[in-house]
Amino acid sequence: MNALAAARSFDDRLNPILVKEVRQALRGRYFRTLFWLTLGVATLIGLSIVAEAGSRGANMGVGRTFFMLMNGCLFAAVLGFTPFSAFLATSAEWDENTHDLLVLSNLRPRQIVYGKLLSALVQALLYYATFGPFLVFAFLMNGVDLLSIGVLLLTSFVACATLNLLGIAMASLSPAKAPRVLLMALFGVALMMSWGFSISFATFVTYQPHELRDPMALPAIVAFVVGCLLVGGLFASLAIARLSHDEENRSSGLRALSVALVLVATVFGLWMELEFGHSEFAWGLQLAVLVPLVMLWLHFLCEPETLGRHVARHVSPRPALALLSAPFLPGGGRGAVLMALHMALGLSAVLAVRLVPGSDKTELNRALIGLALVYAYVWIYLAIPAGIASWFSPKLSRRVLTRLVIIGLVPVAVLLPPLLGLVLGIPSWLDFMHPLNPMYPLKGVISGSSFSRVEKLWLLTAALAAIVLNTPRIARGLQEVLAASRARRSRASSV
Amino acid sequence: MSLLDVRAISKRFGALKAVDGVSFQVGPGQICGFIGPNGAGKTTTMRICSTLELPDEGDVLVDGQSVLSEPRDARRRIGFMPDSYGAYTSTTIFEYLDFFARAYGLRGERRREVLARVIEFTGLGELTDKEIASLSKGMKQRLCLAKTLLHDPPVMILDEPAAGLDPRARVELRELVKALAQMGKAILISSHILTELAEMCSSVVVIERGQLKGGGVLADVVRSVQPTTTLFLRALEGPAACERTLLELRGVSKVRLERDGVCFEFEGDASQQAALFAQLASSGLRPLELAQQGQNLEDLFLSLTEGKLQ
């Protein structure tokens with residue numbers, strides 16, 4: 001009786017979306033067809049390999065081939081079919097006109113996103129459970145060792161979760177069908193590529209299992225897992241933001257995760273320096289996280305300036321706390337503050353490694369300057385157009401246009417001098433590493449060369465312009481937070 | 001006290017002003033008919049009331065909760081039945097309702113009780129294991145109403161609930177709506193079938209090109225637009241005798257022959273109307289039928305709106 005009560009209590013606590021999605025998936029044609037198809041193909045391949053081995057005698061090579069083929073099928077299912085199913089399930093909410101019902105049901109957007117993720121993971125676990133006997137069989141055929149199997153299962157499961165979140169995020173981007181078809185095609189390509197990468201990695205692990213015992217293997221696996229979880233978290237935050245009410249806070253989750261991204265890169269860089277003496281990780285990682293960060297900054301800087309009526313009501317009544325939380329609150333001006341905070345954190349990370357005794361000070365000094373200059377370029381390319389756009393109406397179409405202009409600006413700036421050089425016949429302009437290229441300062445880090453006076457002047461002027469253009473919106477953003485804080489205090493006192 | 005308080009809401013879609021400063025209230029136990037031509041802004045207004053759209057200006061209070069600053073609290077108090085709603089494929093009626101009951105936070109025995117009650121109220125009891133895809137339009141409307149009732153909202157917004165239903169299903173739906181009003185719920189209902197609305201609404205809101213054209217208690221609105229009452233008289237002496245007699249009486253106008261009697265307009269309050277009946281009886285006519293015609297929403301609608309599209 002107690003067990004029944006416990007089961008009912010557990011059932012009650014399950015995410016409603018998980019229950020619905022699993023019921024739908026198990027009854028739907030997509031999962032059932034692909035599941036039996038994958039299993040059938042894997043069984044046929046397995047039987048043919050075993051028959052081959054029976055006629056020629058089993059050896060390690062046969063075991064490896066068997067394992068690789070089974071892995072291929074398993075990865076196709078968990079890194080292909082399952083994330084695609086998550087994309088379709090999210091897409092169906094728009095297509096079947098059920099998104100409004102979800103909103104009205106008062107489910108929180110994060111419940112919707114995590115419910116869909118959990119449902120996809122349940123489907124993935126069904127595949128793993130089904131392929132378990134095949135993998136054991138491969139192990140018994142001496143095709144692969146247990147460590148390799150464990151690493152492949154762990155990394156594929158983490159990648160599966162990340163790809164599922166990517167699928168959910170991409171499907172949540174647009175309610176209109178045409179852009180979603182394009183997104184689906186892009187996602188399909190991404191899945192094919194990830195399947196290819198996973199097969200390459202599995203081949204590497206299967207044929208060179210000793211590499212997993214290398215001291216650098218553990219940091220690499222940890223970096224992969226942490227990186228996947230962080231990127232997955234960003235996708236989840238993006239999907240949650242897309243599914244939120246317009247007046248609700250769509251930004252703080254993404255902002256907090258973006259800071260976590262920089263902090264993880266900082267900690268990892270420090271660890272690599274302390275453990276292995278690799279100073280280049282300190283700044284290399286800060287440059288690597290710039291890729292997702294630039295996309296996020298682009299998003300934050302182009303947000304509407306105002307807090308929104310719902311968010312304003314929840315700003316801390318304490319002015320100091322309100323100001324501290326300001327970079328994490330929605331709004332373009334506050335996005336600029338967050339960008340400055342990220343950059344300060346990135347530079348502090350390199351400085352911290354520089355303080356470690358025995359670190360390569362010369363390289364780190366150059367890296368520090370190089371990183372600061374790359375950040376200056378980011379301000380120029382992102383904050384100048386976003387600052388100008390903030391003078392105009394915060395309509396969605398205008399903000400999308402600003403984002404597109406910014407995205408197009410960098411390649412144009414990078415390609416323009418070489419193209420002009422080609423057209424005008426000036427060979428010295430044909431180099432892609434020129435002062436308009438945001439990665440130009442890295443040339444100095446690598447080769448030790450420094451900026452010319454003209455280059456310094458252009459950079460300084462542009463960076464100053466970016467700061468001047470954004471100062472009023474930053475000031476307004478902070479004032480709005482303080483005003484919201486004051487309003488909350490006065491509401492509390494009137495109650 | 002009003003459960004639904006719409007305060008000067010406006011909404012633009014590009015150059016089109018879909019809703020322009022609309023205000024009205026619906027109280028507990030009231031069924032408010034929301035009428036207007038196609039593209040008048042009815043659905044946009046209803047979606048704003050349900051937190052699905054944001055107004056550019058104004059606010060809506062649902063049982064005291066603002067749809068702007070506290071949308072989640074407002075949603076808990078509202079049951080919205082959209083004109084075109086989605087139903088999950090590969091899902092049975094029970095699974096569909098069970099999902100939404102879970103989503104509304106109903107747990108354990110309470111969820112089972114609520115599901116049983118709502119299924120019984122909407123008459124879906126024998127179909128719980130049927131897949132939604134195989135349901136008729138009427139049954140789908142019932143299912144959507146059942147979903148809307150799961151969290152027992154004090155305010156219900158029904159957008160064209162009778163569209164596409166056969167006469168029997170319409171009558172059944174009307175009875176369900178009346179029963180809900182008797183439970184004290186505030187109901188805002190839109191429909192193009194104005195005779196349907198006239199039979200169940202206690203108040204009405206008329207909207208055209210996003211602007212409010214009139215609204216209030218149905219009888220008051222009808223009186224404000226149409227100061228006369230339409231009456232029907234049938235007597236043993238025949239329609240011609242009725243017409244002759246009526247034309248001699250004060251307050252009577254627009255006498256016209258209809259079926260085997262006459263229809264006419266009478267201007268006057270309830271006591272004057274009673275006096276008219278007495279005069280008719282004393283005039284030598286032997287009335288077989290004397291009835292007040294229903295408040296004609298179609299006439300009201302035509303009087304208030306201009307038929308312009310936007």
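1. Let's start with a rule you will need. Two rings of Phe, Tyr or Trp count as a pair if their centres lie within 6.5 Å. With that in mind, look at Phe31(A), Phe35(A), Trp36(A) and Tyr127(A), which form one aromatic cluster. Please keep in mind throughout that this is a predicted model. Over all chains, the count of aromatic pairs comes to 18.

2. The rings of Phe31(A) and Tyr127(A) sit edge-to-face, with 5.8 Å from centre to centre and 70° between the planes. Phe31(A) belongs to helix α3 (residues 29-56) of chain A and Tyr127(A) to helix α6 (residues 109-140) of chain A, so this pair ties together parts that are 96 residues apart in sequence. Are these two residues buried or exposed? Both Phe31(A) and Tyr127(A) are buried.

3. Now try another aromatic pair, Tyr377(A) with Trp458(A). Their ring centres are 6.3 Å apart and their planes stand at 65°; planes over 60 degrees apart count as edge-to-face, so this pair is edge-to-face. Here, too, distant parts of the chain are linked: Tyr377(A) is in helix α16 (residues 361-389) of chain A, Trp458(A) is in helix α19 (residues 453-494) of chain A, and 81 residues separate them. The two partners have their own accessibility values. Tyr377(A) has 0% relative accessibility and counts as buried. Trp458(A) has 27% and counts as partly exposed, because that class lies between 20% and 50%.

4. Next, turn to the place where the two chains meet. On the chain A side 33 residues are in contact with 41 residues of chain B. The two chains bury about 3500 Å² between them, and 50% of that area is on carbon and sulfur atoms. Eleven residue pairs are in polar contact between chain A and chain B, counting those with both residues at pLDDT 80 or more. Which elements of chain A give two or more residues to the side that touches chain B? They are α1 (2-13), α2 (16-27), α5 (99-104) and α13 (309-312) of chain A. Of these, α2(A) gives the most, with seven residues. Sorted by kind, the residues on this side of chain A divide into eight nonpolar, nine polar and 16 charged.

5. How many salt bridges does the rule find across the interface of chain A and chain B? There are seven. An example to find on your screen is Asp100(A) with Arg47(B), whose closest N and O atoms are 2.7 Å apart. Over all chains, the count of salt bridges comes to 30.

6. Another salt bridge brings together the side chains of Asp11(A) and Arg111(B), at 3.5 Å from N to O. Asp11(A) lies in helix α1 of chain A and Arg111(B) in helix α4 (residues 108-121) of chain B, so the pair joins two chains. Asp11(A) is partly exposed, with a relative accessible area of 25%. Arg111(B) is buried, with a relative accessible area of 3%.

7. Finally, visit Arg142(B), a residue of helix α5 (residues 137-149) of chain B. Arg142(B) is buried, with a relative accessible area of 13%. Leaving out residues up to four places away in sequence, Arg142(B) touches Thr122(B), Gly123(B), Leu124(B) and Glu172(B).

Methods:
Residues are numbered from 1 along each chain as its sequence is written. Chains are lettered from A and ligands numbered from 1 in the order in which they are written. Side-chain values use heavy atoms; hydrogens and water are left out. Contact means heavy atoms within 4.5 Å. Buried area is the accessible area (1.4 Å probe) that two parts lose on being put together, summed over both. A salt bridge is a side-chain nitrogen of Lys or Arg within 4 Å of a carboxyl oxygen of Asp or Glu. A polar contact is a pair of N or O atoms within 3.5 Å; within protein, one must be able to donate a hydrogen and the other to accept it, and residues adjacent in sequence count only if both atoms are side-chain atoms. Helices (H or I, at least four residues) and strands (E, at least two) are DSSP runs, numbered from the N terminus. Ala, Val, Leu, Ile, Met, Phe, Trp, Tyr, Cys and Pro count as nonpolar, Asp, Glu, Lys and Arg as charged, and the others, Gly among them, as polar. Rings of Phe, Tyr and Trp (its six-membered ring) pair if their centres lie within 6.5 Å; planes under 30 degrees apart count as stacked, over 60 as edge-to-face and the rest as tilted. Buried means under 20% relative accessible area, exposed over 50%, partly exposed in between (1.4 Å probe, protein chains only).
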